[in-house]
Structures are given as C-alpha cells and as structure tokens.
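Welcome! Take a look at the structure below, and then let's walk through it together with a few questions and answers.

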Amino acid sequence: MKKILLTSWRPAIAIALFICIWEFSTRIFQIETWILPAPTVIVMEMQEVLPAFFPHMVSTIRLVLIGFSIGTTIGIGVATLLHHYDKLRETIYPFLVLSQNIPIIVLAPLLLIWFGLGDTPKIIIIAMTSFFPITVATLSGFQQTDRELIHYMKMMGASKRQLFMKLELPHALPAVFSGIKIAATYSILTGVVAEWLGAQKGIGVFMTLASSSYRTPRVFVAIIITMLLSLSFFALILLLERMFIKWNREEIK
Amino acid sequence: MDLTLENISKSFGEKEILRNISLSINSGEFVSLLGPSGSGKSTLFSLIGGLLKPDVGDIFLNGKKITNKTGYISYMPQQPSLFPWRTVLENAILGQELSRKRDEEKAKMLLEKAGLREFIHAYPHQLSGGMKQRVAFIRALLSPQSMMCLDEPFSALDAFTRLDMQKWLLETWEAYEQSIFFITHDIEEALFLSDKIVVLSSRPAQIKEIIQVPFERPRNESLLLTYPFLEAKKQLAKILDHTNL
C-alpha cells in the first residue's frame, strides 16, 4: 500500500494538472459547452443525469457479463480441445489467428440482419471479442508447459488426464488470466460500441442520443463511466487472479 | 522388488546409444550407474520408465515383463521438478496421488524428519536447492512403487550441500526397504552410496564392468578418507580412464 502511494503521486499530480489546464482554458478561451465542456460542467451534469443513466449502465453491464462469460467458457473449452488434438490444432489455429485480425465490430451489421435488434447480436459480438484472446493465451499456456515437469509425470506413469489436470491446467492458469484481462478491457468497450448500432437501452444508446442532440457534457459523462467500468472490471479480474494464483504472486514479492 | 534388464539395445536412427546392456538390481539394493556424460544413462532410464521401447531386449520387474510400460517405477529427476503451485506437502504426495493412494500423515512425518517442519505449507520457491532435492526425494520415496530411479539428483548442488544430501539420502534409504538405481558421473558419490556400481563405456554405451562395493553399512563421511576407500577410488578411475572419459 505504501509502495502504491509512493509511486502513484507523480501520475496523480499530472492528472490533476491536466484537469486544471482543461478547466481554465475553456474559461479563458470561452469555448462553447457543446464543443468542449469544462470538467466542472461535466461533474454537475453527472450529478443531474446519473439517476436516468443508471438503468442504461445496468443494461450494458448485464450484456457484457453474459457475453464475456460465454466467450471465456468457449475460449477455454476450444483451447483445451485444440491442445489435445494436434491435427485439429494445425488445421484451425491459423484460421483463429487470421480471424483475430478482423475487427469484430464490422461484423455487427451482418449480425443485426441475422439476429434482429434484440440482445443476441450484441452478446455474440462481446462473446467473440472475448473468445479470441482467451483461446490464444490459454492454448499457448498449455503448449509452454515445463518439459522437465512433463518428463517427470510421464516417468511416473501419469495418465493423459492426470497430466492435464495436475500439470498442464494449473501451469496454464497465469496465461489464461492474462487472456481474460485483455478480454475484460475489450468487452466493455465492444458492448458500448455494439449498442450504437441499435438497442433500447444501454450506455451506447445514451451516448448516441446525447451526441445527436449536441449534449456534449452527457457524452463525456458516458465516456468517463465507460472508462471507470472498464477499470473496475479489470480490477475485479486482477483480484480473482490473486485468489487463484497464490504461488506466482509470492514469487514476485 | 528386483529389476532385470536383458540385452537392451537402443539406437536413434543411425546413432547407436546403448549396446547389449544386461544387469539386475536386487530387492533393497543400491546400484549406481557410472559413466561419462552423454553416454546414454538417461536414455536407459527412459527405457526402464517405459517411455521408450528398446530395439532389442526386455525389462522385468519381479519377473513380470514391463518393457515399454509406464507406472512401475518411482523417479527423481536431475532438476527437483517440484510444481510451483503446490505446497511442499502437496508436492511430496504427488507421486501417491498419481496412483490414488494418499497418505498425508506419512508425508508429514518424512518431511519433518528431513528438517522441513516449518516449510510443510511453504511453496517451492521459498526453499534452498538442497531442500528442494529433499522434497523431490521424499516424493519419490512416498510413491508406492518400490523401485526408485534417481537421475543425477545432486549434480546441480554445491560440494557441501551435496555431501550433506548424500549422508541424508543414506540415512533415509537405510530406514526403508527400497531399491535404488542411481545415475551419477561422480566416482566418489558412487562408491560412498552404492552396493554395486555398473560402469558404462562412452557411446555406444556398453557395460564395462560391474563392481561390488565392499564397505560396511551404515556408512559415514569418515569412510571417504580411509585407505581402502581411496584405493577403490583409484581402481575405479582406472577403469573409467580406459573408457576414454
């Protein structure tokens, strides 16, 4: 804790300075609120709009959690499958890497045509963005298992199942979590952007409504809350990681 | 438990590694395999462990053929190979877990005897090199298989720790009825520890000679400086010298 305070005072001052400059320049140069609202204006707007904003936020969080859980489960499952079947891996893996380069969001209009305006296309998009980083990270975690430990297990006559459950899976956990962390930061963002394309509720809907009526302070409120959500999701995953991987943390200490 | 190797030969492609190896280890016996580095000692272990199939020959345990079958021996590798996410105790019972016979009490007792009482719930990275090897040996000892194969377990330790470990190994082993097959390239280590030493030539490895070690047990480090011990060391060095060490 002390360490965090000692190292974080510099960036804290930088952020404070940045906000001050922002505040004063909007006043000095008399910038219109609909172009760039001052931080104080945003804060006041936030207080006012928060009750109305809350249901939108809940809706987005719900979508993201569903999509993210589906993506994570399928990701780890597919990685496990590909790890055990070499031929399947050789066939599918290049395709996986290739498909990671498609910005999922360009598929959104297509998914809207197929699945309509409900939650389904958005959940699919979020699940897909979570799926790829988790699959790739988990698979490389499996593949990088310590050769010496594998040799020991084989010499001791471990079955394939024991080798996986007792060695490869726990060994891959840190890699799985690094994939999950990447997926977590993407998934909130993807959720918001997916909502731009059409939804009844959600942060994305709130944003498009606010921007089309030039209520710029509200757009900023949405941006800030999206950021905070991403950060808290990331922190939550970090917490889970520390609970699951005790040995690694102590190694760092 | 006695282990018998009959006319084992193994090549990898054009490379002949082992030629016509025959030897036996009797129940409760400590046998060392002494040979130059790269002479195929570890390959021989992989054959006994059942990971590899010999081109010629068979391996028997108590008269039962175990050629190319895994799970019949207990193993301690050169590196401690402890699992970093398991505590010392969980590591020690891993071998038992693999054959579904957990006995935590026995593990605790052995760990305490090895001076690891305070480390039972610690993680491997908190241990010194010698402590890690103790845990690895206890893990092998606790495994239900009574034929233990130790692959140069002390070669990565410093000289002081190594002597400590050798003495500790002898004490611990003498209390149990296990057979040990021990790979080493250290003449003194082989003489100090074993009942029988199998000397291998360089590649392709053949058995150069099998020597019975005459020293009484229990042994301690004062043996290392006695005249008969030094004499035996000299003889063994001579045999190894002829194999172009």
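## Rings, strands and helices

The model is a predicted one.

Q: Are the planes of A:Phe131 and A:Phe132 stacked or edge-to-face?
A: The ring centres of A:Phe131 and A:Phe132 are 5.0 Å apart, and the planes stand at 70 degrees. Planes over 60 degrees apart count as edge-to-face. The pair is therefore edge-to-face.

Q: How many aromatic pairs are there over all chains?
A: Ring centres have to lie within 6.5 Å for a pair to count. By this rule, the count over all chains comes to 15.

Q: How many residues apart in sequence are the parts that A:Phe68 and A:Phe233 tie together?
A: A:Phe68 and A:Phe233 form an edge-to-face pair, with 4.9 Å from centre to centre and 65 degrees between the planes. A:Phe68 belongs to helix H2 (residues 39–84) of chain A, and A:Phe233 to helix H9 (residues 216–244) of chain A. The pair therefore ties together parts whose separation in sequence is 165 residues.

Q: Are A:Phe68 and A:Phe233 buried or exposed?
A: Buried means under 20% relative accessible area, and exposed means over 50%. In this model, A:Phe68 and A:Phe233 are both buried.

Q: Which strands stand at the edges of the six-stranded sheet in chain B?
A: The sheet is open and mixed in its pairing, with the strand order E6-E7-E8-E3-E9-E10 (chain B). An edge strand here has a single partner, so one of its sides is left without a neighbour in the sheet. The edge strands of chain B are E6 (74–76) and E10 (207–212).

Q: At about what angle does helix H8 of chain B run to E9(B)?
A: Helix H1 (residues 41–49) of chain B lies across several strands, including E3 (30–34) and E7 (147–151), and runs at about 150 degrees to E8(B). Helix H8 (residues 227–241) of chain B lies across E3, E9 and E10 of chain B. The angle of H8 to E9(B) is about 25 degrees.

Q: Over the face of which residue does B:Arg139 lie?
A: In chain B, B:Arg134 lies over the face of B:Trp168, 5.3 Å from the ring centre. B:Arg139 lies at 3.7 Å from the centre of a ring in chain A. That ring belongs to A:Tyr152.

Notes. Residues are numbered from 1 along each chain as its sequence is written. Chains are lettered from A and ligands numbered from 1 in the order in which they are written. This is a predicted model: local features need pLDDT of at least 70, side-chain atom pairs count only at pLDDT 80 or more; totals for chains, interfaces and linings use all residues. Side-chain values use heavy atoms; hydrogens and water are left out. Two strands pair if DSSP finds at least two bridges between them. Helices (H or I, at least four residues) and strands (E, at least two) are DSSP runs, numbered from the N terminus. Contact means heavy atoms within 4.5 Å. Axes are lines fitted to C-alpha atoms, for helices over the stretch in contact, and angles run from 0 to 180 degrees between N-to-C directions. Rings of Phe, Tyr and Trp (its six-membered ring) pair if their centres lie within 6.5 Å; planes under 30 degrees apart count as stacked, over 60 as edge-to-face and the rest as tilted. Buried means under 20% relative accessible area, exposed over 50%, partly exposed in between (1.4 Å probe, protein chains only). A charge sits over a ring if NZ of Lys or CZ of Arg is within 6 Å of the ring centre and within 35 degrees of the ring normal.
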